[in-house]
Amino acid sequence: MIEQRRDGGAGASLWVREGGKRLPGQDSDARLIALRAGLARHAGVRALDADAADATVARTLGVLHEPRYLEALDRLDTDDPIVMPEFAPPGLEPDIPVNAGLVAAAREGVRTAISAAQRTLAGAEFTYAVCRPPGHHAGPAFHAGYCYLNNAAAAVRTLFDGGLAPVGVLDLDLHYPNGTSALLERLPERDGDGPGATLHSLHAAPVTNVPAGTALPRLAGERALAFEVAPDADAYVAEVAASVEVLAASVAALVVSLGYDTVRGDPHGNWSFEPEIFERIGALLAACDRPICVVQEGGYAVDALAACAHAFATGLLGDDGRGRPSGRIADQRTTT
């Protein structure tokens, strides 16, 4: 696991608006602590600090996000909550505030995702960027849903620029990755030979983070499977298997945007999976014969996160991990 570093500051989420209600923020370093504990229980997991250079982080962000957006975030110098309606997703109202501490944490999340992708380029079979806040709702010049900068897109861009392309993106969070979709649309084609990345997303309906009436999927080759009702575990795993099979047949590597907000009791979810489902998902990914770079997205039932992460590692690496020594997890380091 690649551990996220943080340089201090008030980096916990403040609040989020859902369905017209303002709810207390649920994203904090407590999530990282729980995820790290669950992964560390597996003998095949090795913890490494995120170590991508500042210049690499800045360069990657510069090709993903618009200059005016990054400049506005850089100008924040207070930990007071600030709502920035000009940077809400197109056609939507703002649903989160931002402050300097959250921007600092988000930058370290991007560093962690880049670090994991760099190790994938170096030959690692599996890497896992343990990072927060999540990123898949952050687009070229917008933030929403706890997401300010896009970690998964940073991993994709790192792999793409390193020659490991095309890239498949499998988003297994409860929510549609509107930011990732918007950013992949801007990714150059692979030497004029088709898209550089293909997105598959399995998520809940209704999709509330795009304007009403938006047609999904948005991109050529994109799969946007919305479950009208909460699926049972077998039905969901079957659809995950279908996406893994399709993507693995046509890509050089997979970036997995992994959310644990589908588990029972998540404060932002209404599905009821048990943590054990992630062992099945990990096993599907292990069998696909492609390098896997996992980037942490949602999952806010803190008491369940260690079990989810351990189950996923068990599926990916096997019961004891001894058979797959290349498994690594990139972990965002926290300060206390």
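## A buried cysteine

Cys131 is buried, with a relative accessible area of 0%. Here buried means under 20% relative accessible area, exposed means over 50%, and partly exposed lies in between (1.4 Å probe, protein chains only). The model is predicted: local features need pLDDT of at least 70, side-chain atom pairs count only at pLDDT 80 or more, and totals for chains, interfaces and linings use all residues. Residues are numbered from 1 along each chain as its sequence is written, and side-chain values use heavy atoms, with hydrogens and water left out.

A disulfide is a covalent bond between the sulfur atoms of two cysteines. The cut-off used here is a pair of cysteine sulfur atoms within 2.5 Å. How many disulfides does a search of the whole structure find? The count is 0. Cys131 is in no disulfide, and its nearest cysteine sulfur, in Cys293, is 9.2 Å away.

Cys147 is buried too, with a relative accessible area of 0%. Its closest cysteine sulfur belongs to Cys131. The two sulfurs are 10 Å apart, so they are too far for a bond.

## The whole protein

The protein has 9 helices and 11 strands. These are DSSP runs, numbered from the N terminus: helices are H or I with at least four residues, strands are E with at least two. The radius of gyration is 18 Å, close to the 20 Å that the globule rule gives for 336 residues, so the protein is as compact as a globular protein of that length. That radius is taken over C-alpha atoms, and the rule is 2.2 Å times the number of residues to the power 0.38.

Of the 336 residues, 58% count as buried. Contact means heavy atoms within 4.5 Å. Among contacts between residues at least 6 apart in sequence, 81% join residues at least 24 apart.

Helix H5 covers residues 151-161, and Asp161 is in it. Is Asp161 buried or exposed? At 52% relative accessibility, Asp161 counts as exposed. Asp161 and Leu121 are 40 residues apart in sequence, and their C-alpha atoms are 10.0 Å apart in space.

Thr158 is also found in helix H5. Thr158 is buried, with a relative accessible area of 11%. Which residues does Thr158 contact, leaving aside its neighbours within four places in sequence? They are Ile114, Ala117, Gln118 and Leu121.
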